[in-house]
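User: I would like a close look at one part of this protein. Please keep it brisk and stay with what the coordinates show.

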Amino acid sequence: MNTGAEGVETAVKLARKWGYVVKRIPKGKAQIVCCTGCFHGRTLAAISMSEDPDSFDGYQPLVPGFKRIPYGDIVALEAQLKKNGRNIAAFIAEPIQGEAGVQIPPQSYFAAVRDLCSKYNVLFIADEVQSGLGRTGKMLAIEHDNVRPDVVILAKALGGGVLPVSAVLADKEIMDVFTPGTHGSTFGGNPVANAVAIESLKVLHEKKLPQRSLELGAELLSGLQKIRTSNSDLIAEVRGRGLFCAIDVQKDVANGNGAYLLMKILAKNGLLCKTTHGHTLRLSPPLVISRSSLNRGIEIIENSVADLRAYVAATKRVRGLKVKKAKK
Ligand SMILES: Cc1ncc(COP(=O)(O)O)c(C=O)c1O
């Protein structure tokens, strides 16, 4: 396919069809379990899994057949499977939630997900559209958990930044529920896009970009941790895996607009990144970034946090409030 959202649509259709053909779920009853905070794209099925009104409001009625449970909560998944496992075709999750602010679930979560999905004969779909292809320091983010999903969705980096191309991967006995004429699109299987996808996979392997992401990501995170230690009144948390990091700005900074303000200051100082929901800034530099550019980026973040401090101090002074200094 072309976009990540189309990949998600395909995986959802695949799971439903597998549910009817292989698992023998009664017709029309197949359900898919998804997660709070998820982002799977902008098509109707994808927004039907979302809890973000910006995604779904104004587009109702939504697609039925999705049940949302808290991300990272294995007890909630087990309860859902115990209650309704017979009609559940799949569990879909991002190995690390990107749009939700680089949220990394508890360490043993996906191993337990794998066990439960196998126990209840439910497909485990990993949406690796954002986290996949080296972003987190492994080819797939789910590899950090030593887990093999039944279905993997790839997009974004698969096109090497040149052409849109997405893919759904599964073993033959799952994929073969799609028979000729039952799924497709005009530009699905686009030969030029496929050539680009093969080439971008080659570049990822040959240039060892996942390894590079792991190494440079550790340097980025360590730089961010230092900045956070000296500015803990402004920065609540930093986290990341590979070159996929996040900065949580304290909720009370700039009347709750701290992350947005920091994003603007960063842009003015020469670093582009984007806020996700709430108080989080997501950093996902290109995997080919040079070490000197990365260090320059860390320096810009440090200077921008100092600018944020000066802004907060100035607005507090105007209101006659006490001003905190950065720790040495
Ligand atoms: C996890 C995830 N799935 C699906 C999508 C949708 O991809 P696209 O924008 O190519 O439709 C995105 C986009 O950011 C994503 O992050």
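Predicted model: local features only at pLDDT ≥ 70, side-chain atom pairs only at ≥ 80, totals over all residues.

How many residues of domain 1 are in contact with domain 2, and how many of domain 2 take part?

Analyst: The chain divides into domain 1, residues 4-206, and domain 2, residues 209-318. Across the interface, 21 residues of domain 1 are in contact with 22 residues of domain 2. The domain centres, taken over C-alpha atoms, lie 29 Å apart.

Now the area. Together the two domains bury about 1,700 Å² between them. Carbon and sulfur atoms account for 60% of that. On the domain 1 side, three residues stand out: Glu-99, Val-102 and Arg-135. They supply 35% of the area that domain 1 buries against domain 2, more than any other three residues.

Next, the polar side of the interface. The side of domain 1 that touches domain 2 is made up of eight nonpolar, nine polar and four charged residues.

Then the charges. Side chains of opposite charge can pair when their charged atoms come close. One salt bridge is found across the interface of domain 1 and domain 2. In the structure the count comes to 10 salt bridges.

Helix 5 leads on to the aromatic pairs. The structure holds four of them. In one, the ring centres of Phe-110 and Phe-124 are 5.7 Å apart and the planes meet at 20°, so the pair counts as stacked. Phe-110 belongs to helix 5 (residues 109-119), whereas Phe-124 belongs to strand 4 (residues 123-127). The two are 14 residues apart, and the pair links distant parts of the chain.

Last, a loop residue, Lys-29. It lies between helix 1 (4-21) and strand 1 (31-35). Leaving aside neighbours within four places in sequence, Lys-29 is in contact with Tyr-20 and Asn-87. From Lys-29 to Thr-43 the separation is 14 residues in sequence and 21 Å in space, C-alpha to C-alpha.

How values were computed: Residues numbered from 1 in each chain as written. Heavy atoms only, no water. Domains from an automatic or database assignment. Contact = heavy atoms within 4.5 Å. Buried area = accessible area lost by both parts, 1.4 Å probe. Salt bridge = Lys/Arg side-chain N within 4 Å of Asp/Glu carboxyl O. Nonpolar A, V, L, I, M, F, W, Y, C, P; charged D, E, K, R; others polar. Phe/Tyr/Trp six-rings, centres within 6.5 Å; stacked < 30°, edge-to-face > 60°. Helix = DSSP H or I, 4+ residues; strand = E, 2+ residues; numbered from the N terminus.
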